[in-house]
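Have the model open as you read.

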Number of protein chains: 4
Amino acid sequence: MIIVLKPGSKEDVVRELCDRIAKRGLEPLHLPGSERVVLGAIGDERLLADLQLESHPDVESVKPILSPYKLVSRELQSHDTVVRLGERAIGAGAFAILAGPCAIESHEQLDATARAVREAGGTGLRGGAFKPRTSPYAFQGTGREGLSILSRVSKEVGLPSVTEVLDPRDVDVVVDHADMLQIGARNMQNFELLRAVGRAGRPVLLKRGMSARLEELLLAAEYIVAAGNPNVVLCERGIRTFETATRNTLDLAAVPYLKQRSHLPVLVDPSHATGLRELVGPMVRAAAAAGADGVIVEIHPDPSRALSDGRQSLDLQTFARLVRDLRPLLAALGKEVA
Amino acid sequence: MIIVLKPGSKEDVVRELCDRIAKRGLEPLHLPGSERVVLGAIGDERLLADLQLESHPDVESVKPILSPYKLVSRELQSHDTVVRLGERAIGAGAFAILAGPCAIESHEQLDATARAVREAGGTGLRGGAFKPRTSPYAFQGTGREGLSILSRVSKEVGLPSVTEVLDPRDVDVVVDHADMLQIGARNMQNFELLRAVGRAGRPVLLKRGMSARLEELLLAAEYIVAAGNPNVVLCERGIRTFETATRNTLDLAAVPYLKQRSHLPVLVDPSHATGLRELVGPMVRAAAAAGADGVIVEIHPDPSRALSDGRQSLDLQTFARLVRDLRPLLAALGKEVA
Amino acid sequence: MIIVLKPGSKEDVVRELCDRIAKRGLEPLHLPGSERVVLGAIGDERLLADLQLESHPDVESVKPILSPYKLVSRELQSHDTVVRLGERAIGAGAFAILAGPCAIESHEQLDATARAVREAGGTGLRGGAFKPRTSPYAFQGTGREGLSILSRVSKEVGLPSVTEVLDPRDVDVVVDHADMLQIGARNMQNFELLRAVGRAGRPVLLKRGMSARLEELLLAAEYIVAAGNPNVVLCERGIRTFETATRNTLDLAAVPYLKQRSHLPVLVDPSHATGLRELVGPMVRAAAAAGADGVIVEIHPDPSRALSDGRQSLDLQTFARLVRDLRPLLAALGKEVA
Amino acid sequence: MIIVLKPGSKEDVVRELCDRIAKRGLEPLHLPGSERVVLGAIGDERLLADLQLESHPDVESVKPILSPYKLVSRELQSHDTVVRLGERAIGAGAFAILAGPCAIESHEQLDATARAVREAGGTGLRGGAFKPRTSPYAFQGTGREGLSILSRVSKEVGLPSVTEVLDPRDVDVVVDHADMLQIGARNMQNFELLRAVGRAGRPVLLKRGMSARLEELLLAAEYIVAAGNPNVVLCERGIRTFETATRNTLDLAAVPYLKQRSHLPVLVDPSHATGLRELVGPMVRAAAAAGADGVIVEIHPDPSRALSDGRQSLDLQTFARLVRDLRPLLAALGKEVA
């Protein structure tokens, strides 16, 4: 860690700060410069977090040298983490395709969708029971009834399931009904919920927050792993920018960036990222080419009557064609569908 | 609501959509244009939310005419809402000054701070017991012990208190210890938490999310009011932008924008918005001049040793001077400290 | 165009606005609503731009129905524009690879680079002579000398060349030395420069501004085409967001979005978008899979000693490997290198 | 400057980099850490810009210690720069009010406006002759004819004038007609234009680019001062963010931030920042309270018929009232209108 002092900082301040660093068990360094005094601290910088050196009135800025996350870092574990999803695996080199409706509406709707996913050769079934909605007047999901439908259809059709959990109080019931727990973008920094799924013993799909830096996504994953759950899959789903043509801005460079720094698998959600169904196909292909471990896509038997996010949902035929057309591309990348 | 169809949309699609609008009890309008067919729907647009017309494959875009929030809107209630905070009031024309440490560390620390707030003539005492922290390795707050300290100091010193609640399961215990519940920026769209504080019968300070549009902030407030709690105070605390000189970008135009559209009081948090203590004073003054109903400011007896956010905390002397210098400005605006 | 009036707007205002619309030759429409009066204007909305209806104190908002660009739109020309670059073509279905150094430093440097591009089978040679640099203390380019080197190497090696023009006064000299003129991100809305290259009779590579919406990029292209030059190639090069892990955020969804709305070819610049050489390869592949017509990549014989942007430059061997590995992917997409 | 090497960097790389630093006349420092080798360079870091150390394959990151600007910095000149505008001054402690139409339309329009500015006690007259417009179909300004009107009205009414210059070729003619040259947001990084106005011997109003960091604004100012013109006034005019309620997001914390780091005066443009006339008054007051040296405001005799940006223009009566109401606020701040 590098600590830059303000111009004119006195000797006793330098001594005080070096003492505080040394007391934490790190080695302090003193670098007198031409216009600024710079201090260094050698050792595990995480020990310094509580010192809050940037609070000191004589400190101009603090520049960490090491990344603030550890358990999710490639420096700690160089090989890829593989996360089991039922009998499938995410992160083992194949390309996972999770698909399903934004919101579970009925047994009939989910059943038709799940059969289409299985038919197309998809990897898993997604479906939302608890829905976070911007407006209190919008459809809020089918809740526990939706969970029961998901669980039943998942078993009947033979596809593992993923669904979102919004509230720490619901973690147990979601664990009872689904194979993987999703943390949505709005909850990426709901730390109580992260701790709760960290103790749940079920794989977690962690979506990037709308305004989260990649370092913050990795720190959110660190919360889950530190709570005892190593089975975390990261998901890039678009960030909020000034661009209004698409719902969010899909940050595909995040895929290789995350995979170079972390051993966790990385999925891409092109549906929420773009908000426009005609961009989903190209972005699925781009995600594969960027090195993602898979995608999670919204599909619906009749998007024009979907109760949520129909604008970005593919119908079942378009989805089947998308998967079919993806196979030669995956082959050229040395991959296949998981 | 205006519905723009894609070029070449057929007559039967137009008929189908007009039927769906009419079935909801609104009056459909058909506007044949030179290059596009445009439909209108006259009446309460909130009824259309569930129709999800933008999902229809022949719909190019949907443009709402009315604002999506209602209970918090000035169109419903033209007079200002006044929110009681202990024996003080926010929104009644005076300027509220809530101050205190980012994190409650000890009785001694909070007591010294609270006495300084009272001495300076401040309105209320803020202090965090449950702390949402980006890294699992950072100080996570003193939790229930902190709440007890807050409650005790608040009574001893005679200042009403505000503290953050992070988890729906903690709402009851926080209600037992504090006069006002704060929803932090990271939880602005934690809808389960919004519903829980909506049922809590205690005033709520709702902070704008880091990437929340003002319309979304008003919809989050609508969740709380719709759950039965009309005592909501909005708080602008900076949004995340590309600028890195400050921690966030304080959006002061949000103050008159919100007050023109909503009857709820609006506070400003210059500490989190800027992250730099030397910008707090100017931004408190600017908030007052922009028409805010008050500010919430981080102060600490010894910022250089604060366990959280010391970089943006004022020491107690600087705070006293800030309030003193603010008084003539408030007088020129026809206001005084609440 | 839809014009929403403020609540309580009077009859005579409605009449006045309808008159102004009719005087422009469009058909006005009057839609009395339950809470707002809404007006429509049927016809070519571009005629209304000068009316500035949004300035009227009784107008709440104006919502255009049609896109504001025309010449670059697919609605005007449904087939793809093909732009000639020397003896090659961009937009004809093949994948163009333009490569070269950020800044031309010497004949030796550019010659080595150009031979590597030709060897790898690349399409064209890029190289900056006039360099826009954030700091006046940074290397500012080799200017006219650089142009001469570019022109000479381009001929010797047999590759068409692309270089940036910064100043309308330099358009003629750049036309004398290069096959394609580049408008950089910082100049996307330098309208005098757009007009100047619009009259220059040379293909133009138009980069998206760092904070430009896609609609604004298309309007900038419209300036060039309207000035008489139909040979415009669009280039997505990353936008400025809150993310600091990468230099910019590459918006790959822009590729299919632009190609669906415009007939102009679209390239991607993964070097400036990410600023990190280890992300360039994955983003080139992702650009191809997203449907881009090619890429423009920074390469250098010795990136560790480059005078500009070395951090994002590939060395010549890495570039050769990148192109080699790209070929099977292009084949799977039914394409080849242009 | 701090140079962090990648894990596992060899001794000879360390030696090579230290040599390159020393050759530039700076003192290299070698700080062996527990997980990373860190190098330091003591001295004027601007000398290192050309070394491009971040390009080196063994360098993980480079962290400058000193600010990259110098001439505009308070560290070089601690007292405030005062910029003369005709017989008035900006930056001498008083509050400048520059007002006028977005676009000069006619002598009649500008004359009426200028008389209103003088009547209200304003400081200077703004008016656009060359207009940068996003669409080629929008009104493009009255050009040289507008300049003549500006020059004539300015003399007749006795107010100094400010107008934008877009093209280096127009600098001379604008110098002939106006007292202050404005560089618009879209041209903040048009470096040829910055150099041209740096040689023009006329005060310059430099607007912050829509996506410019404050450091980049200061570097743009450094271009002008380095070219020989010390009379630069900075202007915050809103940045582009995800928020769509206002045209841009006014970053008022930029005012004290800039004034603490630079000796140049700082104005605020609330009209372009918000795009909504009903927010202009509150933001003028907030700018004053934040410590700005003045504002530049759009006004028009009949905003509902303005040819450009009428939505954000005040009518002349509203402007007069705004200035009148501002006076007691300025008095409380110990200021008056310049």
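## Salt bridges within a helix

In this predicted model, C:Arg195 is partly exposed, with a relative accessible area of 22%.

B:Glu156 counts as partly exposed, at 40% relative accessibility.

## Salt bridges across a chain, and beyond

Now for a pair that spans more sequence. B:Arg208 and B:Glu236 form a salt bridge at 2.7 Å, N to O. This one ties together distant parts of the chain, 28 residues apart: B:Arg208 is in the loop between strand 11 (204-207) and helix 6 (214-226), while B:Glu236 is in strand 12 (residues 232-236). Both partners are buried.

Over in chain A, A:Arg208 and A:Glu236 belong to a salt-bridge network that also takes in A:Asp251 and C:Glu243. Over all chains, the structure holds 75 salt bridges.

The largest nonpolar core has 169 residues, and B:Leu206, B:Leu234, B:Leu252, D:Leu206, D:Leu234 and D:Leu252 have the most contacts inside it. Take D:Leu252: leaving aside residues up to four places away in sequence, its neighbours include B:Leu250, B:Leu252 and B:Met283, along with D:Val268 and D:Met283. A separate core of 167 residues has A:Phe191, C:Val72, C:Val232 and C:Leu316 among its members.

## Where chain C meets chain A

How many residues does the contact take from each chain? Chain C gives 36 residues and chain A gives 36 residues. About 2,800 Å² is buried between them, with carbon and sulfur atoms giving 70% of that. On the chain C side, C:Arg213, C:Phe242 and C:Glu243 supply 20% of the area buried against chain A, more than any other three residues.

Two salt bridges run between these chains. C:Arg208 forms a salt bridge with A:Glu243, with closest N and O atoms 2.7 Å apart. There are also eight residue pairs in polar contact. Helix 9 of chain C brings the largest share of its side, eight residues. Sorted by type, that side has 22 nonpolar, six polar and eight charged residues.

Key:
Residues are numbered from 1 along each chain as its sequence is written. Chains are lettered from A and ligands numbered from 1 in the order in which they are written. This is a predicted model: local features need pLDDT of at least 70, side-chain atom pairs count only at pLDDT 80 or more; totals for chains, interfaces and linings use all residues. Side-chain values use heavy atoms; hydrogens and water are left out. A salt bridge is a side-chain nitrogen of Lys or Arg within 4 Å of a carboxyl oxygen of Asp or Glu. Buried means under 20% relative accessible area, exposed over 50%, partly exposed in between (1.4 Å probe, protein chains only). Helices (H or I, at least four residues) and strands (E, at least two) are DSSP runs, numbered from the N terminus. A nonpolar core is a set of buried Ala, Val, Leu, Ile, Met, Phe, Trp, Tyr and Cys residues joined through side-chain atoms within 4.5 Å. Contact means heavy atoms within 4.5 Å. Buried area is the accessible area (1.4 Å probe) that two parts lose on being put together, summed over both. A polar contact is a pair of N or O atoms within 3.5 Å; within protein, one must be able to donate a hydrogen and the other to accept it, and residues adjacent in sequence count only if both atoms are side-chain atoms. Ala, Val, Leu, Ile, Met, Phe, Trp, Tyr, Cys and Pro count as nonpolar, Asp, Glu, Lys and Arg as charged, and the others, Gly among them, as polar.
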